[in-house]
Amino acid sequence: DSITVVFGGDVGSSKVPQELTKNLDSYSPDAIIIGGDAAYDQAIDACWYSFDLFLKMYEDLNQRLNVTIPMVVGVGNHDVGYGSNSNEMIDVNHLPTFFYLFPAHLDYDANGTAIVPDVKNRRTYFHHQIGNAVFIGLDSYYVLPYEGIQQDFIRNISKQYKSQGRFAYYHNPTYPGCSKKISESQLYWSSLFEEYNFTGIFENHHHMFKKTLPLVQGVPVTSGGITYFGDGNCRVISTP
């Protein structure tokens, strides 16, 4: 059967994401993936209610469709309270609210039984198989750097799911729609996406609508290549 997966990022709970969420009724999504900046609490303890407002939109969606739609939420700058590659360190003894609400992977106890990981052990990179595809969530250097463990994770999951379609999603875009600056994800991740023939990449953060041509090493190609979608903007920022 066909499966509908909704992607978005930079959400919040203003009028625009509320209207966008209401419009999901006609699509009857089987899963929702948020690529960071879910509630805009800025990792401020007193702003925990922002997540109540955020989740209420999807609770209403579930009630209208009479289902419970699985949701996966990745990490963004407004979830941890600082920018990408800022050399800030997460305090595991005082974690942002984001980590308490959205465990996105399983852990295992001494008997090999799957359990929800303790909040201090919750990763910001993970994967999920949905239908005949695997969706890899990555951390664009809010907690972990691009290189190293996340590169190994991309390789390992890609080898594990050889016959499935492969998608990746994260917050800070590789090919932003409003900048020609070479990003770290372009240096460390895009060659892996190309090597393992990913179907598409979903990016966020810049609050734009973007769909690239199929790219290889940043250059449009007529066959093969990877399409990058983005860049967030499930909300509107009002300025004085």
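The model is predicted: local features need pLDDT of at least 70, side-chain atom pairs count only at pLDDT 80 or more, and totals for chains, interfaces and linings use all residues. Residues are numbered from 1 along each chain as its sequence is written, and side-chain values use heavy atoms, with hydrogens and water left out.

Me: Why are strand S6 and strand S7 said to pair?
Reply: Two strands pair if DSSP finds at least two bridges between them. Strands are DSSP runs of E, at least two residues long, and helices are runs of H or I, at least four, both numbered from the N terminus. S6 (residues 126–130) and S7 (residues 133–137) have five bridges, in the antiparallel sense. So they pair. Across this pairing, His128 stands opposite Phe135 in S7.

Me: How do you know that S10 and S13 pair?
Reply: S10 (residues 210–211) and S13 share two bridges, in the antiparallel sense. The rule asks for at least two, so they pair. Lys211 stands opposite Phe229 in S13.

Me: What makes Asp25 and Arg64 a salt bridge?
Reply: A salt bridge needs a side-chain nitrogen of Lys or Arg within 4 Å of a carboxyl oxygen of Asp or Glu. Here N to O is 2.7 Å, so the pair counts. The two residues are 39 apart, with Asp25 in the loop between helix H1 and strand S2, and Arg64 in helix H2.

Me: Why is Asp25 called partly exposed?
Reply: Buried means under 20% relative accessible area, exposed means over 50%, and partly exposed is in between (1.4 Å probe, protein chains only). Asp25 has 24%, so it is partly exposed.

Me: How do you know that Asp60 forms a salt bridge with Lys56?
Reply: Their closest N and O atoms are 2.8 Å apart. That is within the limit, so the pair counts. Both lie in helix H2, four residues apart, about one turn of the helix.

Me: Why are Lys210 and Asp231 called buried?
Reply: Lys210 has a relative accessible area of 9%. Asp231 has 0%. Each value is under the cut-off for buried, so both residues count as buried.
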